[in-house]
Amino acid sequence: MVSIGSKALPMGKHKTSNLREDGFLAGKDNPYSKKRSMHRKSIKKTGLAGDHYTENLSGGVPDKAVKTPKISKHQNAVMPEASFLRKQVDPETATYYSEIANVIEGAEVDLEERSIICGNALEESRGKEVKLATDYVLSHTMQTLLEGCDVNHLCNFLQSCAKDFPRIAMDRSGSHVAETALKSLVVHLQDVETHSLIEETIAIICRVIVEDSVHMMCNCYSSHVLRSLLCFCKGVPLDSTQFHATKSSIVLAERLNFRQSQPDEHGSQYFQKAFPDLLRFVVLGMLNHAVKDISTLQDQYGSLVLQTALKLLVGNEEVLIQIIPILLGCNVDNAVEGHFIETTSVQSLLSLMKETAYSHLMEVILEVAPATLYDELLTKVFQSSLFKMSSHHCGNFVVQALVSHARCGTHMELIWEELGPKFEDLLGMGKPGVVASLIAASQRLHVYEHKSCQALAAAVCSVNESPGGIVPRILFLESYFSCNDKSNWTWPRGVKMHVMGSLILQLVFQFPSEFIQPYVSSITSMEADHVLEASKDSRGQRVIEGFLSSNSSSKQKRRLVMKLKGHFGELALHPSGSFTVEKCFDASNISLREAIVSELVTVESELFKTKQGPLLLRKFDVDGYAKRPDQWKAKQSSRQSAYKEFYAIFGSKETKPSKVDSFLAEAPRISRPETIKEMRKEIDASLASAAGPSSSMQFIANVNSTSKMKISGHKHHAERAKQNGETSMKHLMDDDASKGKNKRQKSKKHGIENVAMANKATDTVSHHQKTSHSADMKEKKRHRKDDSSKISRKKFKA
């Protein structure tokens, strides 16, 4: 077969009309010379020939347009390679790949034929990979070929250009080609037979990258490719935001306990095959080659690569112990456990943490560091410098990370000693994130909880002042601390509430009620118009909802809900206001619920057009109230009674009160076992999915009545059996020995089932739903029998 680029038939000797759809030229020596009609686009339109093509140098930018990249002050030792000027792709090759693009874009090409065309076209690129991959236009065609070819041609292409892979990755267009090749390899990993070939290919590329790692890490294009390669070796999605660049909002939510930290949240999406040895080889190889120029890795792009590497190595403490001291600038030859950090390097570390890029890197180091390294960082580097670091615009984020990842009460004791008395100073300097991190850590570790609440209240309210101003001042932190006369500060009109202030208050209302009474008094004493304004503010809403979800008393919650009377319809129509109305409804008694629903009736048609309105109308049964108010009230009362009895039967009075009791405002605040929580969810789900309000109430009534009957029945069985134990045994002794043995076994089994039924609430409800009315009546009659022998025999036959 004669192809473009072969010695026997060079590309320049052929016209483009001889190009076959399989990517080779057609000729009399080609056994596959059958042609199809081809719909070709004009070469002029594609910009692949003539004067337009000469602009494709250096990634499609003319020579005079190439700019020198900005130099970081840490990049004096080793400079990243500037964008290189490559030779122009010859017109014959450009035309050839233009025709290839036209062919594979055709709708008449099936998948099998497309794979053959793409593979053969990649073979023609041998020796020209850099030119084609870095060309602004032809790079798109190369991406299409890499996506459509089989694994053999894909690996051959990567192995052929492996020595030039760093150059391709550091180019604006070439970086996309490199990432496309990695994504295509991911697809082929599904085939177990290809694993060895793919591993061999990636190993070749990794060896080349390690030799030129500094330049790649400091380049804005290749750093992204390098991070994708690390994700590939770990076996996680290449575009995973968790390992590339986690959103600041997600990081903040994890630090403040609003979202559980999930280092392996993508575990279910892992590929069938990962290459942990290659990951370790690349990371250690990069740092070993860059150890002399470690300062160059502290720029923006190098920091991102190192952050990704650290996150991917979570759980591999052996490797982390090796690489983190290098990143801290320590002498790894002398590093031993407990003495990783040298005293002489402490000041330089503190200075580096005031740089934006290194501060981000240090946050991740504190997140993933093994316990021994964290201890040493806290005691040797941060102790006695915490407040100073907290005052810096970059350093304060490092302190937040340090506090958020404290492992135990001992760590918190060291941190609190220095920062606990400084709440007012930190808030005044505009560093509320440090305060929020301290409160969240004390809540997570259950230490200094009461002191945290007291310190925060003291920071915004003096001892001689009424606690009524605590919540408003935290809601408007910036306004309050920028006021010269704080004693005369008043609620500002038309000012957005403070984000961090809102988050801090949400944290506070998660503490036990005995710690937060000043905050409860403050929020319940707010003026009605201030409560309404807070309920319409996206940040204030969260605080109102946080208080209504707290374990404060129902009476205190209703005091706040009363202040919104007359505005529930307006609030329900406000964006996100429906959530606040729902919390108010859940925290209210019957009369307040009726007031809320009566206001929603007047805006029912408008509310139905909003996003959350239909759900709100259905949950509150607004239509049912509008038609039959008395029946609606009876249903609400029955519903509350059902839940009260449910808690009385299944609740445990020995445990601490539950934090959230979102349905019953007046029910005993008792904690439930995990199975009870699941049962309650099942009941709520059944209520929500029921055909109408009447069927919902019937379901509750049935569950309540059957639960009460069964539990009382089991207790009655136990008491009567105890009173008549001797009589039962006499009758049993008169029976056949084997028959008595079987009955005793049945009795034992029945007793075990009774205990299991009492302990497993979910199974009980399932059983009660299946029990018919006739069976219940039969059981009642059986208990009314006075003959002790008959009772005993019936019990053992059951």
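Q: What percentage of the residues in the protein chain is buried?
A: This is a predicted model, in which local features need pLDDT of at least 70 and side-chain atom pairs count only at pLDDT 80 or more, while totals for chains, interfaces and linings use all residues. Residues are numbered from 1 along each chain as its sequence is written, and side-chain values use heavy atoms, with hydrogens and water left out. Buried means under 20% relative accessible area, exposed over 50%, and partly exposed in between, with a 1.4 Å probe and protein chains only. Of the 798 residues in the protein chain, the buried share is 50%.

Q: How many helices and strands does the protein chain have?
A: Helices (H or I, at least four residues) and strands (E, at least two) are DSSP runs, numbered from the N terminus. By that definition the protein chain has 46 helices and 0 strands.

Q: How many contacts beyond near neighbours in sequence does the stretch of residues 703-776 have in the model?
A: Contact means heavy atoms within 4.5 Å. Residues 1-83, with pLDDT below 50, have 152 contacts beyond near neighbours in sequence. Where pLDDT is low, the predicted coordinates should not be read in detail. For residues 703-776, where the pLDDT is also below 50, the number is 62.

Q: What share of the contacts with a separation of 6 or more comes from residues 24 or more positions apart?
A: One case of residues separated along the chain is Lys311 and Phe243, 68 residues apart, with C-alpha atoms 6.2 Å from each other. Lys311 is in helix H15 (residues 300-312). Across the protein chain, the share from residues 24 or more positions apart is 71%.

Q: Is Ser175 buried or exposed?
A: Ser175 lies in helix H8 (residues 174-188). Apart from neighbours within four places in sequence, Ser175 contacts Ile168, Ala169, Tyr221 and Val225. Its C-alpha atom is 8.1 Å from that of His224, 49 residues apart along the chain. With a relative accessible area of 5%, Ser175 is buried.

Q: Why does the end-to-end distance of helix H35 agree with its length in residues?
A: The expected span of a helix is 1.5 Å times one less than its number of residues. H35 has 12 residues (590-601), so it should span 16 Å. Its end C-alpha atoms are in agreement with that, at a separation of 16 Å.

Q: Which residues of H35 are buried?
A: An α-helix has 3.6 residues a turn, so residues three or four places apart point the same way. In H35 the buried residues are Ile590, Leu592, Arg593, Ala595, Ile596, Val597, Glu599 and Leu600.

Q: What kind of aromatic pair do Trp416 and Phe423 form?
A: Rings of Phe, Tyr and Trp (its six-membered ring) pair if their centres lie within 6.5 Å; planes under 30 degrees apart count as stacked, over 60 as edge-to-face and the rest as tilted. The whole structure holds 11 such pairs. For Trp416 and Phe423, the centres are 5.6 Å apart and the planes at 70°, and the pair is edge-to-face.

Q: Why is the pair of Trp416 and Tyr448 classed as it is?
A: The pair links Trp416 in helix H22 (residues 409-419) with Tyr448 in the loop between helix H24 (432-445) and helix H25 (449-460), 32 residues apart. Trp416 is buried at 11% relative accessible area, whereas Tyr448 is partly exposed at 23%. The ring centres are 5.2 Å apart and the planes at 20°, so the pair is stacked.

Q: Where is Asp621, which has a positive phi?
A: Most residues other than glycine have a negative phi, and most peptide bonds are trans. Phi of Asp621 is near 55°, and the residue is buried at 16% relative accessible area. Its place is the loop between helix H37 (613-620) and helix H38 (622-627).

Technical notes:
pLDDT is the predictor's confidence in each residue, from 0 to 100.
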